[in-house]
Amino acid sequence: MTTKIVYIIGGIWNGSGMERVLTMKANYMADVAGYDVHVLLTEDGEGPSYFPLSEKIHLHNVHVNFDILYTLPIYKRVFAYLWKQRLYKQRLTDFLVKLKPDITVTAMRREINFINDIQDGSKKIGEIHFTRIGYREVKFRFLPDFFNKAISHLWINKLLKEVKRLSAFVVLSEEDKLNWPELKNVQVIYNPISINTNIYSNCHSKKVIAVGRYTYQKGFDLLADAWKIVTAQHPDWELNIYGGGDADEYRELAIKKGISKTFICNGPTHNIIDKYLESSIFVLSSRYEGFGLVIAEAMACGLPIVSFACPCGPQDIISNEEDGFFVDNGNISLLAKRIVYLIENENKRVEMGRKAIESVNRFKMENIGTQWVKLFKSVIKE
């Protein structure tokens, strides 16, 4: 009998890293591993999946729509959440009991609070797309600091209680694995890269690239400070950022710092490979990451990397001084110095780019997919 797998996610209509990775893994399991793959959604959306989805995959939706909560005032949000969570538990239970999958994979969203209690016969696996650092950390401005810490402590302990009951808990880096010392069921499986190309950047253009949503996490404000140092020395180079979200704040910041002509904030693009190929250096300025998949994607296109050594991921991906540089997290001057070094040393830039291509093979889907199949077989056997 064919192994039946269920993946649970909010939606598939946005171009986020989580949706891209889930789509790739689901496609591999359906098309290559030959599993009977089901993807369960909680949110309503319009149009096709943002990333291509195999015709062999079965899509389901329980129509709970948690995203609506963010449009409500806080005093209504709490009661609405409790009602929706109860509805979600009922609908997910009905779905799993009827389908009877062999394995259910949760992305550690709201269902982690009750998924172990669903008696459908499936093995439960959790995969987290974030680092533990700052995860489930409460920072309500209207509460005193000790109260926020108390809530955070209770919340993370509740999570740990549920995670211990999972058949396996998958994190994205060896670095982050060390952040879960309470657990004995932790495994590391890297995210796969979606880029598969035999065309690479020649690293000769005067362009640096960064990719990510315009959020505090991605540190584009720090990157603006670093770029001001770089562009003062090399005004003929430009930095292009590509990502979703509101870029206006960063455009205004670039104007304020006098770097708007070379610090260019673009929207998201479906042709990110082309943007990598026309660049010579990739820079990551994040304050923290779950993994840093864009680093591996840039390397697959032959780009050397300059990155903060933020938690967690970059230090698992980059071989320092071989295929890129990582610098102390938040060290703006050193970030700028490393970018300048690669700008001024073209031969080294090209050499690092070639080594990046070789290094990134371990993140290809066939290698990551094999690890997931091995995990699935082991938990079923148990």
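In this predicted model, strand E1 (residues 4-9) pairs with strand E2 (residues 36-41) in the parallel sense, over six bridges. Two strands are taken as paired if DSSP finds at least two bridges between them. Helices (H or I, at least four residues) and strands (E, at least two) are DSSP runs, numbered from the N terminus. Within this pair, Tyr7 has Val39 of E2 as its bridge partner. The model is predicted, with local features needing pLDDT of at least 70 and side-chain atom pairs counting only at pLDDT 80 or more, while totals for chains, interfaces and linings use all residues. Residues are numbered from 1 along each chain as its sequence is written, and side-chain values use heavy atoms, with hydrogens and water left out.

E1 and E2 belong to an open sheet of seven strands, ordered E3-E2-E1-E4-E5-E6-E7, with parallel pairing. Strand E3 (58-61) and strand E7 (186-188) are at the edges and have a single partner strand each, so one side of each lacks a neighbour in the sheet. From one strand to the next, the twist averages 25°. Helix H1 (residues 17-31) packs on the sheet, where it touches E1, E2 and strand E5 (123-127), and its direction makes about 170° with that of E1. Contact here means heavy atoms within 4.5 Å. Axes are lines fitted to C-alpha atoms, for helices over the stretch in contact, and angles run from 0 to 180 degrees between N-to-C directions. Helix H12 (residues 365-381) lies across E1, strand E4 (103-106), E5, strand E6 (168-171) and E7, and runs at about 145° to E5.

Ile103 is located in strand E4. This residue counts as buried because its relative accessibility is 0%; the term denotes under 20% relative accessible area, with exposed meaning over 50% and partly exposed in between (1.4 Å probe, protein chains only). Ile103 and Lys4 are 99 residues apart along the chain, yet their C-alpha atoms are separated by 6.6 Å. Leaving aside residues up to four places away in sequence, the contacts of Ile103 include Lys4, Ile5, Val6, Phe376, Val379 and Ile380.

Strand E9 (residues 238-242) and strand E10 run parallel and are joined by four bridges. Leu239 has Phe263 of E10 as its bridge partner. E10 (residues 263-266) has a covered face, formed by Phe263 and Cys265, and an uncovered face, formed by Ile264 and Asn266.

Two helix pairs were examined. Helix H5 (residues 220-233) packs against helix H6 (residues 248-257) at an angle of about 25°, with the axes 10 Å apart. H5 is therefore roughly parallel to H6; angles under 35 degrees count as roughly parallel, over 145 as roughly antiparallel, 65 to 115 as roughly perpendicular and the rest as oblique. The contact involves Phe220, Asp221, Ala224, Asp225 and Lys228 of H5, together with Tyr250, Leu253 and Lys257 of H6. Helix H10 (residues 332-344) and helix H11 (residues 346-359) pack at about 100°, with their axes 5 Å apart, which means that H10 is roughly perpendicular to H11. Tyr341, Leu342, Ile343 and Glu344 of H10 meet Glu346, Lys348, Arg349 and Met352 of H11.

Helix H8 (residues 293-300) is mostly covered, with eight of its eight residues buried. H8 is followed by Gly302, which has a positive phi, near 90°.
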